[in-house]
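Have the structure open as you read.

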Amino acid sequence: MGCTAADVIAAIRAAAVVVQEHRDELVRLDQAIGDADHGENMRRGFTAVLSRLDTEPPDTPAKVLKLVATTLISTVGGAAGPLYGTAFLRASSAVGDLAELDGDAVARALRAALDGVVARGKAVVGDKTMVDALTPAVTAAACAEGTAAAALSAAADAAAEGATSTVPMVARKGRASYLGDRSAGHMDPGARSTALLLRALADAAAKA
Amino acid sequence: MTAAADTTRVGLVVVSHSDMLANGVAELAAQMAPDVAVLPVGGTEEGGLGTDYGAVVEALADADAGAGVVVLYDLGSAKMTAEMAVESADDPTRYTVVDAPLVEGAVAAAVTAQGGAPLADVAAAAEGASGETPVAADARPALHLVPDAVSAEVPLTNEVGLHARPAALLARTVAELDADVVVRYGDEEANAASVLALMGLSAPGGRSITVVATGKDAAEAVRRIEELAERGFDD
């Protein structure tokens, strides 16, 4: 059974809760190597997403993803706005007018999201960014067979490992790159938030 | 000058994480280019540090009088926000996000836009702003030997000499003419189209510059600069 618009809305709501719960953690990670605004920016963005889902619930998975994209773009304020906004926008286009998402659709959406993030931010694997979490997630989702939940679960596991891999890296993109070698020893906050989002989406999909 | 006033000019949008920074840059650039729309967009909707996508989209539309808009930014995510706003426009080709030093780029772009230059030229002026320094005058020693070149010694009667505002006025006064104009001071030479290079000459008040012009409007260019200097650059 695939994920309907209602399932996708439930998963996004779950992700918003996780972002709120981890706000302070993301702030601390960003304090170490950036400008300390990632946790608050993400909280603000997903709070706005929640309120728009309440007032205008979309009726297809693609429309849900597009609403998330446009809301994040206009409310996040930092780099995460354009990056996550582009990711959700590309994911929305990738699933087209499907009424339900299966594992293949999720894999396609994640691939499109990654391509969008890379096009927007020009980062590659190893730069200590969300690309380090999203890239293995895309590969894992493509290899997983079956349901949306299975694809998302594989993606979430891979993203968590990818986020951990950013700890020893020296940042080559974003504000953290100004620190040079001193950026090593800290997890990238964008990679962490990507892993958190995918885990929350996977857990919600498993319950659907 | 009335002909130039009738044409629409390229507008500028300055995207910064900080409202104060965006406004400061826009103030500086606008002082040199009174007829150019220079719109600052800084900070988040709540007034914090960050970029506001919706505000950038609005500024792009507001700054576009028909000739397009050059967009300057301060830090990485401001660039991404600017690029997204451009991509969302009905006609993205009307907007050019430039990789340029914010202050120098805005000033160079504003002065170029004031002269009525098209979008590509205004963008190029911003992007070239970091490299605009005067060159050694003997790098092009033959210029004054070019047939029909017009030259003049022009005393700088104003107190500050070829400072920011006078340099911008000089660049503007010859921008619309069909002439290549160089200004020499000491051992250095600057293209009169480049306000930053003119400023880089550091020609002080009380001294003289040498103006050399070639092209159809060469004599008119020199005449205008002499007139401008006689008026003390309207200081």
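Residues 149-235 of chain B are 36% helix and 26% strand, with their end C-alpha atoms 29 Å apart. Helices here are DSSP runs of H or I with at least four residues, strands are E runs of at least two, and both are numbered from the N terminus. UniProt (unreviewed entry) gives this stretch, residues 149-235 of chain B, the feature "domain: HPr".

The model is predicted: local features need pLDDT of at least 70 and side-chain atom pairs count only at pLDDT 80 or more, while totals for chains, interfaces and linings use all residues. Residues are numbered from 1 along each chain as its sequence is written, with chains lettered from A and ligands numbered from 1 in the order in which they are written.

Now for a helix pair in chain A. The axes of α3(A) (residues 38-55) and α4(A) (residues 61-75) come within 9 Å and cross at roughly 135°. That angle makes the two oblique, the term for whatever is left after under 35 degrees (roughly parallel), over 145 (roughly antiparallel) and 65 to 115 (roughly perpendicular). Here is who touches whom, with contact meaning C-beta atoms, placed from the backbone, within 7 Å:

| Helix | Residues in the contact |
|---|---|
| α3(A), residues 38-55 | Arg44(A), Gly45(A), Ala48(A), Val49(A), Arg52(A) |
| α4(A), residues 61-75 | Leu67(A), Val68(A), Thr71(A), Leu72(A), Thr75(A) |

Between the chains, twelve residues of chain A are in contact with twelve of chain B. On the chain A side, α4, α5 (80-95) and α6 (103-121) each give two or more residues, and α5(A) has the largest share, four residues.

Terms used:
Axes fitted to C-alpha atoms, helices over the stretch in contact; angles between N-to-C directions. Contact = placed C-beta atoms within 7 Å. UniProt positions renumbered as here; feature names shortened; annotations may be inferred.
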